Amino acid sequence: LNRAQLAAIRNRKLGFIFQAYNLLARTTAFDNVMLPLIYNRENHRSAEDRKALTMQALEAVGLTDRIDHQPQELSGGQQQRVAIARALVNNPALILADEPTGNLDSTNGEAVMQLLRELHGEGTTILMVTHDPRYSRFAERTVHLFDGRIVEESVAESNRTRSGGTP
């Protein structure tokens, strides 16, 4: 694929949750979340549809009261939730999440993990990196790495039952 085709796949099929947020500094939470919809030229969504999808994504992470705030006006946890909403707004097939709960308090961390679990239940594949063992219990499959090598791999009991015992 050429660069434009690869960029289109990244925009339409992948959602990225970065540990460092990667929000645009002088842009509101609303506009930061809407950005992938603007770049998604394939769907030709109307401005009204883009606004509605953006509000749904912000509602999913509990930030509808902060839509007009710029990143520097938000706490670290709120910035992370804006980044999560941005990753969700295009309804990607795969979400790549680098420490999605790293800057959240335990209540918001649990809420984000529940949201990711719901998305997975609806068919979205989630690939998450975490150092927090509390959140690995949400995974159906866990792979432990050390110095870039797999040292342990496990499949959740509920997944074993569903798949007939094969990982």
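The structure is a predicted model, in which local features need pLDDT of at least 70 and side-chain atom pairs count only at pLDDT 80 or more, while totals for chains, interfaces and linings use all residues. Residues are numbered from 1 along each chain as its sequence is written, and side-chain values use heavy atoms, with hydrogens and water left out.

Two packed helices are described by the angle between their axes and the distance between the axes. The axes of α4 and α5 come within 12 Å and cross at roughly 5°; here axes are lines fitted to C-alpha atoms, for helices over the stretch in contact, and angles run from 0 to 180 degrees between N-to-C directions. The two helices, α4 and α5, are therefore roughly parallel to each other. Angles under 35 degrees count as roughly parallel, over 145 as roughly antiparallel, 65 to 115 as roughly perpendicular, and the rest as oblique. On the side of α4, the residues R81, I84 and L88 meet N108, V112, L115 and L119 of α5. An α-helix has 3.6 residues a turn, so residues three or four places apart point the same way.

A search of the whole structure finds 3 salt bridges. In one of them, E110 pairs with R137, and the closest N and O atoms are 2.8 Å apart. Because E110 lies in helix α5 (residues 106-121) and R137 in the loop between α6 and β4, this pair ties together parts that are 27 residues apart in sequence. E110 is partly exposed, at a relative accessible area of 28%, whereas R137 is exposed at 52%.

F138 lies in that loop as well, between α6 (133-136) and β4 (141-146). F138 is buried, with a relative accessible area of 12%. Leaving aside residues up to four places away in sequence, F138 touches E110, M113, Q114 and R117, where contact means heavy atoms within 4.5 Å. From F138 to K51 the C-alpha distance is 31 Å, and the two are 87 residues apart in sequence.

Another salt bridge joins D132 and R134, with the closest N and O atoms 2.5 Å apart. D132 is buried at 18% relative accessibility, and R134 is partly exposed at 44%. A further salt bridge brings together the side chains of E153 and R141, at 2.1 Å from N to O. Since E153 lies in strand β5 (residues 149-155) and R141 in strand β4, the pair ties together parts that are 12 residues apart in sequence. E153 is partly exposed, with a relative accessible area of 42%, and R141 is exposed at 52%.

Most residues other than glycine have a negative phi, and most peptide bonds are trans. N22, in the loop between β1 (14-17) and α2, has a positive phi near 60°. N22 is partly exposed at 45% relative accessibility, and its C-alpha atom is separated by 9.5 Å from that of N32, 10 residues apart along the chain. E99, in the loop between β2 (94-98) and α5, has a positive phi near 50°. E99 is buried, at 7% relative accessibility.

The tour ends at the surface. L1, L6 and I9 form a nonpolar patch there, with about 280 Å² of accessible area together. Patches are made of residues with over 30% relative accessible area and no salt bridge, like charges being joined within 9 Å and nonpolar side chains (Val, Leu, Ile, Met, Phe, Trp, Tyr) within 5 Å. Accessible areas come from the Shrake-Rupley method with a 1.4 Å probe, and for residues only the protein chains shown count as cover. L1 sits in the segment before α1 (3-13) and is exposed, with a relative accessible area of 69%.

Note on methods: Salt bridge = Lys/Arg side-chain N within 4 Å of Asp/Glu carboxyl O. Helix = DSSP H or I, 4+ residues; strand = E, 2+ residues; numbered from the N terminus. Buried < 20%, exposed > 50% of the residue type's maximum accessible area, 1.4 Å probe, protein only.
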